[in-house]
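Welcome! Please take a look at the sequence and the model below, and then we will walk through a few of its parts together.

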Amino acid sequence: MRAALVRLRRATGLPVAFGGLVHDARPLRIAELTGAATNALRGLAIRTGNGLGGKSMALSRPCTVTDYPTARHISHEYDAAVAAEGLRSVVAVPVVVRRRVRGVLYGALRRPVALGDRVLDEAVAAARDVEQALLLRDEAGQLLAWVRGPGTGAGPGADGDRRSWETVREVHGDLRAMAPKIADPALRAELLAVCGRLASADAAAPAAGVPLAPREVDVLSCVASGATNAAAAERLGLKPETVKAYLRSAMRKLGAHSRGEAVAAARRGGVLP
């Protein structure tokens with residue numbers, strides 16, 4: 001959220017940006033501010049339908065006002081906080097993930113000026129950044145929940161919920177591809193730690209014995225799933241030439257002469273499940 005607000009200010013020139021996320025069934029609270037002169041907005045609880053942000057949440061679309069204090073098409077529950085910060089022209093954009101409003105981003109001026117299409121477009125783009133980050137976090141959480149499920153950790157054949165190695169390998173690949181895109185360092189570290197546990201669950205040798213770089217492991221994980229260099233590049237957000245370079249480096253370190261040999265060696269070394 002903070003990164004999106006900073007982007008919003010830089011791209012639009014708006015002096016103030018703020019926003020917050022919805023947690024469970026509780027009202028949205030303004031938790032992040034940049035460019036604010038006071039703390040009047042911090043912690044403000046925004047309910048659906050109330051004020052400009054609440055209207056944006058109710059409609060699931062961006063809303064703007066040229067002069068907040070005199071705007072007739074919004075309710076005015078938050079006038080005191082808005083006046084304390086001296087805001088006049090405001091844009092509010094909802095953060096919508098899988099058709100559910102998860103937050104709101106605001107940008108504002110301290111004078112009554114009509115906000116043009118460029119400002120609106122940049123505000124929407126900033127909200128999309130937050131949406132993608134939340135979507136990644138949700139997907140990571142689902143994968144982690146699967147890994148933590150009953151029977152996980154001993155591999156196929158263990159008591160409890162028996163999970164095939166094909167599924168384990170698919171989850172491992174998804175987590176490896178997702179981890180570099182996660183902004184939250186704690187969640188990213190947890191994803192990588194889970195990847196390590198999955199990879200070493202049925203290893204014949206300790207993973208530390210194979211000195212592969214993280215991106216080399218990412219590429220091998222994609223190759224193990226049958227992805228071409230082009231498909232791996234798209235999945236990892238890399239160029240195909242970069243994928244080739246990582247693959248060649250991994251093959252050299254593993255003493256492999258083919259993609260298949262590299263994958264097999266990585267699995268024996270506990271780098272891949």
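## Strand 7 and its partners

Strand 1 (residues 16-21) and strand 7 run antiparallel and are joined by six bridges. This is a predicted model, in which local features need pLDDT of at least 70, side-chain atom pairs count only at pLDDT 80 or more, and totals for chains, interfaces and linings use all residues. Residues are numbered from 1 along each chain as its sequence is written, and side-chain values use heavy atoms, with hydrogens and water left out.

Strands are DSSP runs of E with at least two residues, helices are H or I runs of at least four, and both are numbered from the N terminus. Two strands pair if DSSP finds at least two bridges between them.

| Strand paired with strand 7 | Bridges | Example pair |
|---|---|---|
| Strand 1 (residues 16-21) | six bridges | Ala-17 and Gly-107 |
| Strand 6 (residues 89-97) | nine bridges | Val-95 and Gly-103 |

Strands 6 and 7 form a hairpin with two residues between them, and Arg-98 in the turn has a positive phi of about 50°. Why is strand 7 largely enclosed by the rest of the structure? Nine of its ten residues are buried (under 20% relative accessible area; exposed is over 50%, partly exposed in between, with a 1.4 Å probe and protein chains only).

## A look at Arg-215

Arg-215 is found in helix 7 (residues 214-224). Arg-215 is buried, with a relative accessible area of 19%. A polar atom of its side chain lies 3.3 Å from the backbone oxygen of Leu-236.

How values were computed: Polar contact = N/O pair within 3.5 Å; in protein donor to acceptor, adjacent residues only side chain to side chain.
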